[in-house]
Amino acid sequence: MACTQHCCGVTAKTERYRKVLWIAFTVNALMFMVEVIGGIRAGSVSLLSDSLDFLGDSANYLISLFVLGKAISMRAKASLFKAYTMGGFGVWIIGTTLYQFFYGTMPNYHEMGVIGIIAFAANVLVAVLLYSFREGDSNMRSVWLCSRNDAMGNLAVIAAAIAVYYWQSPIPDLLVALFMSYLAIKAAWDIRRQAVQELTE
């Protein structure tokens with residue numbers, strides 16, 4: 001039996017979304033490896049924080065692929081899991097930043113800047129691919145917010161590298177890490193609120 005135009009349209013959109021998610025997963029997994037190595041070499045807490053963000057996003061994309069096409073309740077539950085993960089990530093950044101404030105060393109601003117630019121380009125690519133899916137359910141919204149926050153975080157890392165160079169101080173690196181924790185916690189709150197609404201409707 002031939003499907004209706006609406007049915008075919010939904011299926012085509014779902015398949016496009018699936019392809020975009022696979023691209024996003026691949027990019028984020030590769031950037032995790034680049035940033036975790038670069039963050040350790042540079043001694044930068046903001047780069048290390050961003051590397052774990054890439055790792056978390058990779059897991060989020062896999063979860064989104066798993067629940068794609070399933071019932072709204074299952075997608076909402078997956079969004080709740082991702083929201084709690086993002087919130088926990090934000091809290092972890094705060095703890096790491098406090099540790100680095102007392103025991104950390106001066107980060108390598110050159111490596112911070114170069115890796116930050118590469119990461120920004122990767123996240124802009126993913127964000128552009130996901131832009132048309134940003135107004136979907138809580139699961140789609142969570143994926144878009146992750147990519148948007150990553151791009152904003154990368155710009156902050158680049159700015160921190162410049163500030164570390166001029167001021168010869170690790171404080172800008174720590175401030176950026178705190179900013180990234182704020183983005184993660186705020187996004188987690190927004191996603192959780194929408195997911196709970198979807199579960200109660």
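**Salt bridges**

I began with arginine 18, which forms a salt bridge with glutamate 15, the closest N and O atoms being 3.6 Å apart. For my notes, a salt bridge is a side-chain nitrogen of Lys or Arg within 4 Å of a carboxyl oxygen of Asp or Glu. This is a predicted model, so I kept its limits in view: local features need pLDDT of at least 70 and side-chain atom pairs count only at pLDDT 80 or more, while totals for chains, interfaces and linings use all residues. Residues are numbered from 1 along each chain as its sequence is written, and side-chain values use heavy atoms, with hydrogens and water left out.

Both arginine 18 and glutamate 15 sit in helix H1, three residues apart, about one turn of the helix. I take helices (H or I, at least four residues) and strands (E, at least two) as DSSP runs, numbered from the N terminus. Arginine 18 is partly exposed at 28% relative accessibility, and glutamate 15 is partly exposed at 36%. My cut-offs here: buried is under 20% relative accessible area, exposed is over 50%, and partly exposed is in between (1.4 Å probe, protein chains only).

How many salt bridges does a search of the whole structure find? I got four.

Next I looked at glutamate 111 and arginine 41, whose side chains meet in a salt bridge at 3.5 Å, N to O. Glutamate 111 is in helix H4 and arginine 41 in helix H1, so this pair ties together parts that are 70 residues apart in sequence.

Then I went to lysine 186 and aspartate 190, which meet through their side chains in a salt bridge of 3.2 Å, N to O. Both lie in helix H6, four residues apart, about one turn of the helix. Lysine 186 is partly exposed, with 41% relative accessibility, and aspartate 190 is buried, with 14%. I also noted that salt bridges with shared partners join Lys186, Asp190 and Arg193 into one network.

**Aromatic pairs**

I found four aromatic pairs in the structure. The rings of tryptophan 22 and phenylalanine 25 have centres 6.0 Å apart and planes at 85°, so I logged the pair as edge-to-face. The rule I used: rings of Phe, Tyr and Trp (its six-membered ring) pair if their centres lie within 6.5 Å, and planes under 30 degrees apart count as stacked, over 60 as edge-to-face and the rest as tilted.

Tryptophan 22 and phenylalanine 25 are both in helix H1 (residues 5-42), three residues apart. Tryptophan 22 is partly exposed at 43%, and phenylalanine 25 is partly exposed at 21%. Elsewhere, ring pairs link Tyr109, Tyr165 and Tyr166 into a cluster.

**Nonpolar cores**

Which residues touch the most other members of the largest nonpolar core? Of its 24 residues, they are Tyr17, Leu21, Met31, Tyr61, Met86, Val126 and Leu130. H1, H2 (45-67), H3 (72-103), H4 (109-130), H5 (138-167) and H6 (171-200) each supply at least two residues of this core, and the largest share, six residues, comes from H1. Such a core is a set of buried Ala, Val, Leu, Ile, Met, Phe, Trp, Tyr and Cys residues joined through side-chain atoms within 4.5 Å.

I then checked methionine 31: leaving aside neighbours within four places in sequence, methionine 31 is in contact (heavy atoms within 4.5 Å) with Phe54, Ile118, Ala119 and Ala122.

**Whole chain**

The protein chain has six helices and zero strands. Buried residues make up 47% of its 201 residues. Of the contacts with a separation of 6 or more, 82% are between residues 24 or more positions apart.
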